[in-house]
Amino acid sequence: SGSPNVDLFEPDADGSTRVRLPPQDLHAEQATLGSMLLEPEAAERVLSILGDADFYREAHRVIYRAMQAVNRRREPVDLITVSAELRREGVQDEVGGPEYLTALIGEVPTTAHVIRYAGIVQEKYRLRQAIALGMESAAAAYDQPEDVQAFLESVEQRARDIACLSTEPGKSEHVAVAAGEEIYAGVEDLLDGDTETDRALRPKSGLPSLDNETGGLPLPGMIVDTGFTGSGKSTLGAMYAFNWAYTHGQPTAIFTTGEETKRDTILRFAAILGGIDLSPFGIRQKCRTPGDRQAFRDRLCELADDVTCRANLHIQPRLVTFDEFAAETRRLVRSYGVNFVILDYLERCLHKEADQFVTRRMEHLSGRCQAMQAELGIALLVVSQITEDPATGESKTRYCAKLENDAHLVLRLDALTKGTQEERRGQDKYQIILRKRRRGRSGRKFPVTRLPEKFAEETDEPGPSVHRDGRDGLDGDG
């Protein structure tokens, strides 16, 4: 057989040749491992996206496998536990001993960029995979395979595997499906996708008319929850999360990229559970005497304890970048079986982008959201703001129309009566507009009343009287 015509040598200035090294970045590998030894949270994020094969240097692979073993035992990954694991396996001297592990920590400028370090490591690994594929394909082509079409399709599929990030660290497990089988599977999904059993297994808001129309949120699927600042976007998202995590006990994750803390989210759930108004006005009404204040405190603590114990909820406050969100989501899906994720809200992942790059960046983030929910098989609810054209009065998703185009379901919150944003925030009568629904009608509007802790339809039991002071209470940015 022939050999691949690949030049592995490059000439030096004096005319001699030297072997070309495969793509690798040892500094990025050292910074990644050092960050993991320095901060357990950094280790968790990296372990969700890298495999040991991603590392070029064999010593780094051995160290990373020791980290994986420590993590599987639910122990924190740090200098002590990894050193102990290497000693247990009898390979500590092979990697340079404790001195080298300590030196790795010294290579870390900051653990805040660990995802970027890991990304560089993975990029170099994928380039090495591409080189290996090219050489193997060239060798096989010289052998002149009998079925040329099958050979080319195999090469194309392997190239796609390299191009796609997989759900299992360090691996791609995409399986080619015949077109006929794919169509049959699509028909079965279409016929089975709206049964009573399927509807029961979707996150719901607790609003009867809306849930009956949509059947709940698509799972898997991408959902966009939009509205003006302060319109109640986060409240609607919390209602879906409450029903899924508390009522049904399904694993749910909430990422709050704004000002809301983990404590705020627990209190929001407690307010939904007990029908309590946690706005300053509501608290004043309930706490007129010291006895009232103590009773209110006891009741709220009881509800918060109930939520903490019973809700299958993972709250991730104040994530900074989308890369961190993606890595943490993969970890939660892998470790805890999370199947419903809320990102509140997407614009915070932009940071201080220049105006001319905002739309392009948002389009990129939208595409990543859509790809991630499909890859992980989750329902991903993305909260986003809308703006209004002052000339035409037309409202649209802020920065990016592609966000609605990529979504399976789009819900928009708006006040029934028009006016300034301040005037709208002070109203109690809202509507949820079904802006888009794949394989279903859209455009329907569902009138709702905004209570202190949730939205309610006319068919719901009446709640306490509402007194709204603009953006008071736990509304945050919506």
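Helices (H or I, at least four residues) and strands (E, at least two) are DSSP runs, numbered from the N terminus. By that count, the chain comes to 18 helices and 12 strands. This is a predicted model, where local features need pLDDT of at least 70 and side-chain atom pairs count only at pLDDT 80 or more, while totals for chains, interfaces and linings use all residues. Residues are numbered from 1 along each chain as its sequence is written, and side-chain values use heavy atoms, with hydrogens and water left out.

**Figure 1. The whole chain, before we zoom in.** Of its 478 residues, 45% count as buried (under 20% relative accessible area; exposed is over 50%, partly exposed in between, with a 1.4 Å probe and protein chains only). Contact here means heavy atoms within 4.5 Å. Take the contacts between residues at least 6 apart in sequence: 68% of them join residues at least 24 apart.

Figure 2. At least two lining residues each come from α11 (233-247), β4 (252-256), α12 (262-274) and β6 (340-344), and α11 gives the largest share, with 3 residues. By class, the lining has 3 nonpolar, 4 polar and 3 charged residues; Ala, Val, Leu, Ile, Met, Phe, Trp, Tyr, Cys and Pro count as nonpolar, Asp, Glu, Lys and Arg as charged, and the others, Gly among them, as polar.

**Figure 3. Where α11 meets α12.** The axes of these two helices, α11 and α12, come within 10 Å and cross at roughly 75°. Axes are lines fitted to C-alpha atoms, for helices over the stretch in contact, and angles run from 0 to 180 degrees between N-to-C directions. So α11 and α12 are roughly perpendicular to each other (that label covers 65 to 115 degrees; under 35 is roughly parallel, over 145 roughly antiparallel, and the rest oblique). On the α11 side the contact has Ser234, Thr235, Ala238, Met239, Ala241, Phe242 and Tyr246, and on the α12 side Arg268, Phe269, Ile272 and Leu273. These contact residues of α11 and α12 split into 8 nonpolar, 2 polar and 1 charged.

**Figure 4. A closer look at tyrosine 246.** This residue, tyrosine 246, lies in helix α11. Tyrosine 246 has 9% relative accessibility and so counts as buried. Leave out residues up to four places away in sequence, and tyrosine 246 touches Ala241, Leu273, Asp306, Val307, Arg310 and Ala311. The C-alpha atoms of tyrosine 246 and alanine 311 are separated by 4.1 Å, with the two residues 65 apart along the chain.

**Figure 5. Helix α2 and its neighbours.** In α2 (residues 40-47), Ala42, Ala43, Arg45, Val46 and Leu47 are buried. The buried residues of α2 pack against α1 (26-38), α3 (58-72), α6 (114-142) and α15 (322-336). Taking α1 as the partner, the axes of α1 and α2 come within 5 Å and cross at roughly 130°. That angle makes α1 oblique to α2. Thr32, Ser35, Met36 and Leu38 of α1 make the contact with Pro40, Ala42, Ala43, Val46 and Leu47 of α2. Sorted by class, the contact of α1 with α2 has 7 nonpolar, 2 polar and no charged residues.

**Figure 6. Some loop residues worth a look.** Alanine 112 is in the loop between α5 (97-106) and α6, and is exposed at a relative accessible area of 54%. Arginine 74, in the loop between α3 and α4 (79-89), has phi near 65°, a positive value in a residue other than glycine, and is exposed at 63%. Glutamine 144, in the loop between α6 and α7 (148-163), also has a positive phi, near 55°, and counts as exposed at 65% relative accessibility. The peptide bond from leucine 219 to proline 220 is cis, with omega near 5°, and proline 220 is found in the loop between α10 (208-214) and β3 (221-227).
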